[in-house]
Amino acid sequence: MATDTLSTSQASVERTRLIRASLRKRHLSEAIFRVLGLAAIILALGFVALLFVDIVRKGAPAFTQSNLHLAVTFDPALIKADPAPVRAEGQSDADFQAANLKWQRDLALLNWNKVIEASLRAAAPAGYDIDTKEILSIAETDARHEVREMFVADPTLLGKTVDVDVLASANAVNWIRGNIDRSLGDAQQQLSAPARALIDEFVANGTITNGFAWSIFTNVDSRAAPASAGLLGAFVGTLWMMLIVIFLAVPIGVASAIYLEEFAPKSRLTDFIEVNINNLAAVPSIVFGLLGAAVFINYMHLPISAPIVGGLVLTLMTLPTIIIATRGALLGVSPALRQAALGMGASKTQMVFHHVLPVTFPSILTATILGVAHALGETAPLLLIGMKAFVAAVPATPLDQATALPVQIYLWQGNENRNFFEPRTAAAIMVLLLVMICLNGVAIYLRSRLEKRA
Amino acid sequence: MNSLVIAGLLLVLLGVAYQSGWSRSRALATTNGVKVHSRPQYHGSYVAIWALVPALLVVGLWAWLGDGITHNFIVSQIPVETLQSLDQTGLNATIGRINALASGYGVAGEVLPYEQTAGDALRSFQFITFLVVIGAAAVAGVAALLYARSRITARHRARNAVERVINIALLACSAVAILTTVGIVASLVTEAIRFFSFISPLDFFFGTVWNPNNAGSAGNWGSYGLLPLLVGTLMITAIAMLVAVPVGLMAAIYLSQYAHRNLRAVAKPIIEILAGIPTIVFGFFALVTVGPFLRDAGNLVGLDINATSALTAGVVMGIMIIPFVSSLSDDILNQVPRTLRDGAYGLGATKSETIRNVLLPAALPGIVGAFLLAVSRAVGETMIVVLAAGNAPVLRGNPFEPVATITVSIVNQLTGDTDFAGPQSLVGFALGLTLFVITLCLNIFALYIVRRFREQYE
């Protein structure tokens, strides 16, 4: 008896000791598990932070540009062209247009670089020894078009001197900012030694100054003149596509969700539609691009590279998202509301359109904005329908050639002038992300505001 | 201009029709004292629908046939001998000149007499046809309006008719989803079949060399072996999952089981930002930051890592997928009944033991489903791999080397080229079909697992 008690108490002491020992181990593994979880969170948050910091750090320099302040003289010795045509009595529109075009063509044939060169030389210190090609490499190549267009707009400038701001060339910008190592030899530099020295001179005497890069927002893309390449064309192209998505995807998506959730009889067909929509939501976006290329462009002969095709493709891609979100919202409406409406003698259609739909409005709106934001960032399907083409114009209608913001990013990241285009690409990404953040912010604001009221 | 006039007239017709149905119904209700079945706005809509449809039919018919008729008219105005001397381009140019003359804008240079007469004739023809179309549309619309109006009686069930039209419109909208699927499948299959008429399916599915001859002419198409692309795709997907699954799962566990409410409220939306960032941004990030970083890190430990490689693309794609894994896992962990968890605590298990031995096994099917969905997203992802994987369609197993994937090859074979004449571009559709089938199977399987799991607790 006594031995038994002793052995029991011994066993219990032994057990406690074992538990104590294992408890330490268990607590350790608990702590490790917890730390791993925290590490995962920190890692994920770190990725977000890294991504944003990296993009902003890379993109910030692209928001300043180097401007060359020149006094441009429209020297009659250099500008030898007929006076601008004046519309004669009885001349048809077409004839006048033809004459005007001929005059502009004559002007275009003149060497406007001489005008630019003269004003650059005037700005340089007296007696500076530099040849024509070298001095022109300082100014952006489209400066001559800018000056010519000034003259076309106002032919009375002939013989006058005007202050004009033109952009410094991409190579000059690289030199000023030190994007290329300044200590490299002549062979590795894009600009000749005299040109580089003259740029430093210009920076010192204030002919070149830095300013906010409005041109990135007001210009279209450019290949010949990289420093003046801007986002306007891509932005307008994106805008057209988003308009098409909003005006097609939202009504169609909401209508089909209403049909499936409220009216559809439970049949094979509606089951099939339902499975279909769920699958469509998970189809890779590039497959929608294949659909666009084969059906809209190859079969229907819609214009290639046009926002209308991009808009249609993105609409089809966004539809399932909107349908699924709207169905979820409709499902969430309390049955009491429906029964009350039906009990008051409303028909099913009236019940849906007058009572159920208004309640779900906030959720549908939010889902729509998120769907549009997603479509906004999509690139891959647009590449397949030809929106990768270089377009240097603002699309006036959805049928014109255009590009889109994400595609513009794709085009710029592939530019061979890496030193200059890497910041510009990051800047374009910042613009895209800003638009998306605004859309998401609007969605969150609307949801919180409207849901409180409902 | 013309289309604006037509749209305006249609709107006027619509308004008049609605108003007429509405007032007729009001009149019925007030004069003979009978209870009218439908409310006035339904009668208005009923008449409006009746009036609009025939008018739209007329206008639509003209939009469909009008261009052809006008073209024939112009050609008939050109003298026969001139017509015979013109080739297709010349004819088009002449038609353009006649159109310009008719519009009153005029043409540059000398106007030939026959052009002037043709232009004048075209002008009056356009004016007359415009009047005829508008007149026909108006007559059809007004006739339908009067007919519909005459049908309005107190017992007329206008609401039911209008609701039937609404119903049909709703059904038509849901059909768009089916049409999209049909369009995808039909375009992928027909073009893929055309591709297989050039290249044997065996060579495509089991070929180990991917070397399309993009400049090739008949007979010299190059090789179209899928395997290097498939291996590249799977390698990048595997790397992405190796990054996303541990981080995403642990993040979900921590947020749902350990984290303070405030941390959860802040961290969850921030992580979900990753899901909303366009993939082109991730691609750029991979190309200019992650790739060089991995290369330098590899150099430090003596590994030869390419800046554009399967590793770079996979790691960045993994980062992109983290929120996908974490929010799905989070939902599924939260669905596990409290009683299971409390039971484990009651037995003296620690939190992590409960999670590892009770929560995870219970949630496993759902989590596997979430992983499969993530895999299908990784397989179909394009822009990250286009920018960061290096595009080297060679069959090899080293993740530090550049690879190519199915999506990259679709982009390469199809960008800007919509002349689907040879296998060079048609192969894009065969690849697309393969991708579609792979992701479809993954999705269906994932949904099946997720659904089966959900039923366990209901």
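**Close-up views of a two-chain predicted model**

A search of the whole structure, which is a predicted model, turns up 20 aromatic pairs over all chains.

**View 1. An edge-to-face pair in chain A: Phe212(A) and Trp214(A).** The two rings sit 4.8 Å apart centre to centre, with 70° between their planes. How accessible are the two partners? Phe212(A) comes out at 40% relative accessibility and so counts as partly exposed. Trp214(A) is exposed, with a relative accessible area of 58%, a value that is over the 50% cut-off.

**View 2. An edge-to-face pair in chain B: Phe204(B) and Phe205(B).** Here the ring centres are 4.9 Å apart and the planes make an angle of 70°.

**View 3. Arginines over the face of Trp175(A).** Arg182(A) lies over the ring face of Trp175(A), 4.1 Å from the ring centre. Arg196(A) lies over the face of Trp175(A) as well, at 5.2 Å from the ring centre.

**View 4. The largest cavity, between two domains of chain A.** The structure has 5 cavities of 30 Å³ or more, and the largest has a volume of about 110 Å³. Its lining is made up of 14 residues, and those nearest the centre are Thr64(A), Val173(A), Arg177(A), Phe420(A) and Arg424(A). Strand S1 (64-73), helix H6 (170-177) and helix H17 (418-453) of chain A each bring at least two residues to this lining. By class, the lining of the largest cavity splits into 7 nonpolar, 5 polar and 2 charged residues. Why does this cavity lie between domains? Domain 2 (63-220) and domain 3 (232-453) of chain A both give residues to its lining, so the cavity lies between them.

**View 5. The second largest cavity, lined by residues of chain B.** This cavity has a volume of about 50 Å³. Among its lining residues are Ala251(B), Ala252(B) and Leu255(B), along with Lys268(B), Ile271(B) and Glu272(B). Ser326(B), Ser327(B) and Asp330(B) line it too. Which helices supply at least two residues each? They are helix H8 (227-258), helix H9 (261-276) and helix H11 (310-335) of chain B. The class count for the lining of the second largest cavity is 4 nonpolar, 2 polar and 3 charged residues.

**View 6. The second largest pocket, with lining from domain 2 and domain 3 of chain A.** This pocket holds about 400 Å³ of space. It is lined by 20 residues, with Arg223(A), Asn415(A), Glu416(A), Asn417(A) and Phe421(A) closest to its centre. H6, helix H16 (405-413) and H17 of chain A are the elements that give two or more residues to the lining, and H16(A) gives the most, with 4 residues. The lining of the second largest pocket has 7 nonpolar, 9 polar and 4 charged residues. Domain 2 (63-220) and domain 3 (232-453) of chain A each contribute at least three residues to this lining.

**View 7. The domains of chain A.** The domain assignment gives domain 1 (2-61), domain 2 (63-220) and domain 3 (232-453). Taken over C-alpha atoms, the centres of domain 1 and domain 2 of chain A are separated by 67 Å.

**View 8. Positive phi at Ser305(A) and Asn391(B).** Ser305(A) has phi near 65°, a positive value in a residue other than glycine. Where is Ser305(A) placed? It is in the loop between helix H11 (285-299) and helix H12 (307-331) of chain A. Ser305(A) counts as buried because its relative accessibility is 3%, under the 20% cut-off. Asn391(B), also not a glycine, has a positive phi near 50°. Asn391(B) is found in the loop between helix H14 (383-388) and helix H15 (406-414) of chain B, and at 37% relative accessibility it counts as partly exposed.

**View 9. Ala349(B) in its loop.** Ala349(B) is in the loop between helix H12 (338-346) and helix H13 (351-380) of chain B. With a relative accessible area of 26%, Ala349(B) is partly exposed.

Notes:
Residues are numbered from 1 along each chain as its sequence is written. Chains are lettered from A and ligands numbered from 1 in the order in which they are written. This is a predicted model: local features need pLDDT of at least 70, side-chain atom pairs count only at pLDDT 80 or more; totals for chains, interfaces and linings use all residues. Side-chain values use heavy atoms; hydrogens and water are left out. Rings of Phe, Tyr and Trp (its six-membered ring) pair if their centres lie within 6.5 Å; planes under 30 degrees apart count as stacked, over 60 as edge-to-face and the rest as tilted. Buried means under 20% relative accessible area, exposed over 50%, partly exposed in between (1.4 Å probe, protein chains only). A charge sits over a ring if NZ of Lys or CZ of Arg is within 6 Å of the ring centre and within 35 degrees of the ring normal. On a 1 Å grid over the protein atoms alone, a cavity is a set of points where a 1.4 Å probe fits but cannot get out, and a pocket is an open set with protein on both sides within 12 Å along at least five of seven lines; lining residues have an atom within 4 Å of a point. Grid points are joined across faces, edges and corners, and a volume is the space filled by probe spheres set on the points. Ala, Val, Leu, Ile, Met, Phe, Trp, Tyr, Cys and Pro count as nonpolar, Asp, Glu, Lys and Arg as charged, and the others, Gly among them, as polar. Domain bounds come from an automatic or database domain assignment.
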